[in-house]
Amino acid sequence: MGVELNGKTLGLIGIGRIGAETAKRGAAFGMKVIAYDPYLKPDQIQGRGADAASLDDVLAKSDYVSMHLPLTSETKGMLGAAQFAKMKKGARLICAARGGVIDEDALRSALDAGTLSGAALDVFAAEPPPADSIAAHPKVIATPHIGAQTHEAQSRAGLMIAEEVLAALQGKELRWKVLSNE
């Protein structure tokens, strides 16, 4: 027997472009949407369809936690044993962000202990994940990270790249920037 999304809380860790789209979809299912993003002000988070919350509140109050952030030195292993212990008992974790943002051993322990009911992952610390990885856990739904592998998505990506190159050549503000921590 499944569970309904209606009336549940969706917690987003990161509410950039994809996180904001996820917030819209959660709201469409009647979910309360809260989000943590250290780079945005509360009014910016609200403008993207969620109520601003601390990371601890997202973990403690969410029935579903969905991660939408890059892998950086700050986010590597961002969710580990201490964070899983703060999560609402029976919560579910979704990560289609980047491999490495979750401590997979700690996730396995949280799933085995029943702290979390399940996880859906399409990214892993080791790609492809080895046979004995978290991807094989019975409470994990593991899929390939191929959201952009459609004809339509590839066409959009090509157009966006061309538009960004033109903007750079014309000295306009860029929509996407590559930032370095070094």
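Mentor: Before we start, contact here means heavy atoms within 4.5 Å. Keep in mind that this is a predicted model.

Trainee: Okay, which residues does Leu107 touch, not counting residues up to four places away in sequence?

Mentor: Leu107 is listed with those having the most contacts inside the largest nonpolar core. Leaving out residues up to four places away in sequence, Leu107 touches Phe84, Leu93, Ile102, Leu116, Ala119, Leu121 and Ile134.

Trainee: And how many residues does the largest share of the largest nonpolar core have, and where does that share come from?

Mentor: The largest nonpolar core has 30 residues. Elements giving two or more residues to this core include helix H3 (55-61), strand S5 (91-95) and helix H5 (104-113). The largest share is 4 residues, and the element behind it is H5.

Trainee: What other core lies apart from it?

Mentor: Nonpolar side chains tend to be buried together in soluble globular proteins. Here another core lies apart from the largest one, and it has 12 residues, among them Leu10, Ala23, Ala35 and Ala50.

Trainee: How many nonpolar, polar and charged residues are in the lining of the largest cavity?

Mentor: The structure holds 1 cavity of 30 Å³ or more, and the largest has a volume of about 50 Å³. Its lining includes Cys95, Arg98, Ile102, Glu104 and Leu121. By class, that lining has 7 nonpolar, 2 polar and 2 charged residues.

Trainee: What radius of gyration does the chain have?

Mentor: A compact globule with 182 residues would have a value near 16 Å. The chain agrees with that, and its radius of gyration is 17 Å.

Definitions and conventions
Residues are numbered from 1 along each chain as its sequence is written. This is a predicted model: local features need pLDDT of at least 70, side-chain atom pairs count only at pLDDT 80 or more; totals for chains, interfaces and linings use all residues. Side-chain values use heavy atoms; hydrogens and water are left out. On a 1 Å grid over the protein atoms alone, a cavity is a set of points where a 1.4 Å probe fits but cannot get out, and a pocket is an open set with protein on both sides within 12 Å along at least five of seven lines; lining residues have an atom within 4 Å of a point. Grid points are joined across faces, edges and corners, and a volume is the space filled by probe spheres set on the points. Ala, Val, Leu, Ile, Met, Phe, Trp, Tyr, Cys and Pro count as nonpolar, Asp, Glu, Lys and Arg as charged, and the others, Gly among them, as polar. A nonpolar core is a set of buried Ala, Val, Leu, Ile, Met, Phe, Trp, Tyr and Cys residues joined through side-chain atoms within 4.5 Å. Buried means under 20% relative accessible area, exposed over 50%, partly exposed in between (1.4 Å probe, protein chains only). The radius of gyration is taken over C-alpha atoms; the globule rule is 2.2 Å times the number of residues to the power 0.38.
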